[in-house]
Amino acid sequence: MTTLTPDPALRLILGSGSPRRLELLAQLGVVPAAVRPPDINEDVRKGELPRDYVNRIAADKAAAMDPAPGEVVLCADTTVALGRRIMRKPADRAEAAAFLSAMSGRRHKVITAVAVKRGDKVWQKDVQTTVAMKRLSEAELTTYLASDDWRGKAGGYAIQGPAGAFIPWINGSYTGIVGLPLAETAGLLTAAGFSLWGDRA
Ligand SMILES: Cc1cn([C@H]2C[C@H](O)[C@@H](COP(=O)(O)OP(=O)(O)OP(=O)(O)O)O2)c(=O)[nH]c1=O
């Protein structure tokens, strides 16, 4: 991976409309200079595997961004994979119910691909986390669906909300599940020359 010399004047552009990603960046003490969510086609291709899918979408999001000189952009994509099955953000409550029922009592993977772009150079990495979900009772499922917390979340749940009660075990990156694996993101930003540790202009 090419590592560029740190440029304290570099401005970070968040190429994502996810409020979670903004909050996770704030955990690193980073406030983007602007938020510009890219508009791309996120359809899954026939036979496409989950890991290939998230990497392609993160790369497409980065490709849709046109950073000005002095800007570095950060894009990401998160998806839930149950075997080969890709679970994106559910379209409605029925789809969220189907996703949660399929994951109930089983392990799935959450994959987040992160892409950092400066000029026409891209630094990209994916992070996979295995997540165990307890067997959900009818009452748990119904109450969770009624909370609407599943809206806008890959796989139809959010570990950082009430569904945290459904997740007894993970192996991987908690921040990756929430949408932005911080250790790897910090590495990519640093490689692109963005100063994370105190020497920003
Ligand atoms: C599994 C899981 C997903 N999520 C969220 C993270 C992501 O915001 C979302 C997956 O959708 P994404 O398509 O990755 O991102 P987005 O639509 O929110 O934003 P953009 O496309 O503009 O970058 O699911 C959680 O917040 N908690 C979880 O436990």
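Trainee: Is D77 buried or exposed?
Mentor: D77 counts as buried, because it has 27 C-beta neighbours inside 10 Å. The cut-offs: buried is 20 or more other C-beta atoms within 10 Å of a residue's own, exposed is 12 or fewer, and partly exposed is in between, with C-beta atoms placed from the backbone.

Trainee: What should I know about the model and its numbering?
Mentor: It is a predicted model; local features need pLDDT of at least 70, side-chain atom pairs count only at pLDDT 80 or more, and totals for chains, interfaces and linings use all residues. Residues are numbered from 1 along each chain as its sequence is written.

Trainee: Where does D77 lie, and what is it in contact with?
Mentor: D77 lies in strand β3. Leaving aside neighbours within four places in sequence, D77 is in contact with V54, I57, A58, K61, T112 and A113. Contact means C-beta atoms, placed from the backbone, within 7 Å.

Trainee: Switching to R51. Where is that one?
Mentor: R51 is in helix α2, residues 50–63. R51 counts as partly exposed, because it has 16 C-beta neighbours inside 10 Å.

Trainee: What does R51 touch?
Mentor: I111 and D126, not counting residues up to four places away in sequence. R51 and I111 are 60 residues apart in sequence, yet 6.8 Å apart in space, C-alpha to C-alpha.

Trainee: Now the ligand. Which residues come nearest?
Mentor: S16, G17, S18, A158 and G179, out of 22 residues around the ligand. Near means a C-beta atom, placed from the backbone, within 6 Å of the molecule. The elements giving two or more residues to that shell are β3 (71–82) and α5 (174–178).

Trainee: Which element gives the most?
Mentor: β3, with 4 residues.

Trainee: And the whole chain? How many helices and strands?
Mentor: The protein chain has 6 helices and 7 strands. These are DSSP runs, numbered from the N terminus: helices are H or I, at least four residues, and strands are E, at least two. The radius of gyration is 17 Å, close to the 17 Å from the globule rule for 201 residues, so the chain is as compact as a globular protein of that length. That radius is taken over C-alpha atoms, and the rule is 2.2 Å times the number of residues to the power 0.38.

Trainee: How much of the chain is buried?
Mentor: 34% of the 201 residues count as buried.

Note on methods: Two residues are in contact if their C-beta atoms, placed from the backbone, lie within 7 Å.
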